[in-house]
Amino acid sequence: MSENARPLDGLRVVEFASFVAGPSAGMTLAQLGADVIRVDPLGGNSDYRRWPVDTGSENSLYWTSLNRGKRTVAVDVRSHEGQELVLALATAPGPDAGIFVDNNVGRPWLSYDAMRARRSDVIAVHFEGHADGRGAVDYTVNTEVGVPELTGPPDAAPVNHVLPAWDIIAGQSVTTALLAAVYRRARTGAGSQINIALADVAAAWVANLGWLTEVSQRGDRERHGNYMYGSFGVDAVTADGGRVYVVALTPRQWKNLTETTGTSAVFAALAESLGVDFFTDEGRYIHREAIAAIIRPWFAERGFEQAKADLTAGGVLWGPYQSMRDFADQFRSDPASTPVLVDLDQPGVGTVVSASAPIRVDRAYSGAEPAHELGADTDEVLASVLGLSEAELGKLHDAGTI
């Protein structure tokens with residue numbers, strides 16, 4: 001292996017998936033060096049024009065972001081010939097091939113059995129909504145497991161969030177499952193049929209965090225806005241209207257926060273008066289409103305820049321509130337502040353803010369590659385992977401299959 005080789009160089013994955021989970025898994029694998037071949041129907045899959053879109057070209061910023069670094073093939077998957085091409089790509093020979101990721105529904109020709117009949121050691125990872133076949137998306141499973149009921153101020157209706165967190169976690173589950181299957185095949189020669197349901201991902205993680213047991217014992221948790229649950233964290237406003245979030249998860253962090261804000265003596269007296277230990281999570285959480293009332297005046301007396309300097313010097317765990325535009329502008333003005341981000345020339349769009357993989361290999365970021373135009377690699381992939389001749393490709397073009 002060369003010094004610059006990436007961990008998954010040589011691995012070939014065929015991805016026939018839409019929206020976030022499957023494409024994000026393929027993107028992660030591509031960033032780690034895998035040759036990811038994305039298959040789309042002619043004209044693009046259901047997410048090809050998904051928002052956000054570029055203000056000039058109307059090209060999907062979502063699609064071009066999640067499909068960076070992949071080769072792209074477009075075929076008529078309604079035709080028998082197109083279906084044969086997809087199956088052939090999914091089950092192509094070679095020790096580092098025969099790996100397929102999809103989230104298709106209602107395509108029996110693309111079943112695991114159909115692939116296994118062509119290659120006995122095929123690895124197929126299928127992503128679905130519910131394990132029983134019912135549909136679901138991030139926003140429906142999030143409400144189903146109760147997260148919006150925990151979010152927001154006490155007197156508000158349930159609050160959804162815009163981040164498709166379950167989809168993102170599910171995408172990483174797809175990646176983990178796929179690599180585990182590759183490892184098993186290398187050891188035993190066995191293929192794998194893997195199914196991952198989005199609803200299972202959400203249910204498993206609210207259980208893994210202890211939340212389901214908690215509500216069965218204590219009842220539903222109350223909503224309390226921006227306070228951190230189970231320890232201490234709160235927002236505070238500076239004299240010039242800036243807003244920060246401060247956290248004290250450990251005794252050291254609590255000590256740093258009170259010393260920096262000059263409130264150590266006040267809290268020592270309050271602890272003695274109430275018979276509480278503020279160096280414990282429960283002490284800080286139960287009395288969170290009293291703590292906030294005592295420390296917030298310190299912020300109100302200082303401008304944001306002064307508070308920032310003092311908090312940092314005091315070793316306080318904190319972060320600024322800023323808009324996403326502010327975050328983007330921060331990268332533009334100081335790229336070194338967020339080295340995982342990169343400016344990338346995306347054909348059809350222009351310069352976009354892109355990202356390396358957040359996984360640093362040998363202390364280096366992966367860099368970013370643009371997304372290819374839909375179907376741009378069809379001929380090259382079918383020729384190099386399936387060995388189709390120019391004449392055979394020509395017939396497929398003439399028939400409208402590719």
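**Close-up 1. The salt bridge between D35 and R71 in a predicted model.** D35 forms a salt bridge with R71, the closest N and O atoms being 2.5 Å apart, where a salt bridge is a side-chain nitrogen of Lys or Arg within 4 Å of a carboxyl oxygen of Asp or Glu. Because D35 lies in strand β2 and R71 in strand β3 (residues 71-75), the pair ties together parts that are 36 residues apart in sequence; strands (E, at least two residues) and helices (H or I, at least four) are DSSP runs, numbered from the N terminus. D35 is partly exposed, with a relative accessible area of 24%, whereas R71 is buried at 16% (buried means under 20% relative accessible area, exposed over 50%, and partly exposed in between, with a 1.4 Å probe and protein chains only). The structure is a predicted model, in which local features need pLDDT of at least 70 and side-chain atom pairs count only at pLDDT 80 or more, while totals for chains, interfaces and linings use all residues. Residues are numbered from 1 along each chain as its sequence is written, and side-chain values use heavy atoms, with hydrogens and water left out.

**Close-up 2. The salt bridge between E15 and R38.** The side chains of E15 and R38 meet with an N to O distance of 3.0 Å. E15 lies in strand β1 (residues 12-16) and R38 in strand β2 (residues 35-41), so this pair ties together parts that are 23 residues apart in sequence. Both E15 and R38 are buried.

**Close-up 3. The salt bridge between R302 and E301.** The side chains of R302 and E301 meet in a salt bridge of 3.7 Å, N to O. R302 is partly exposed, with a relative accessible area of 22%, and E301, at 61% relative accessibility, counts as exposed. Elsewhere, salt bridges that share partners join E15, R38, D40, D47 and K70 into one network.

**Close-up 4. The largest pocket.** The largest pocket has a volume of about 1700 Å³. On a 1 Å grid over the protein atoms alone, a pocket is an open set of points with protein on both sides within 12 Å along at least five of seven lines, a cavity is a set where a 1.4 Å probe fits but cannot get out, and lining residues have an atom within 4 Å of a point. Grid points are joined across faces, edges and corners, and a volume is the space filled by probe spheres set on the points. The largest pocket is lined by 39 residues, of which P52, L61, S65, M324 and V353 lie nearest its centre. The elements that give two or more residues to this lining are α1, α2 (61-66), α6 (165-188), α14 (324-333) and β11 (350-355), and the largest share, six residues, comes from α14.

**Close-up 5. The largest cavity.** A search of the whole structure finds one cavity of 30 Å³ or more, and about 90 Å³ of space lies in the largest cavity. Its lining consists of R6, M27, A30, Q31, R68, G69, A355, S366, G367, A368 and E369. Helix α1 (residues 21-31) gives the most to the lining of the largest cavity, with three residues.
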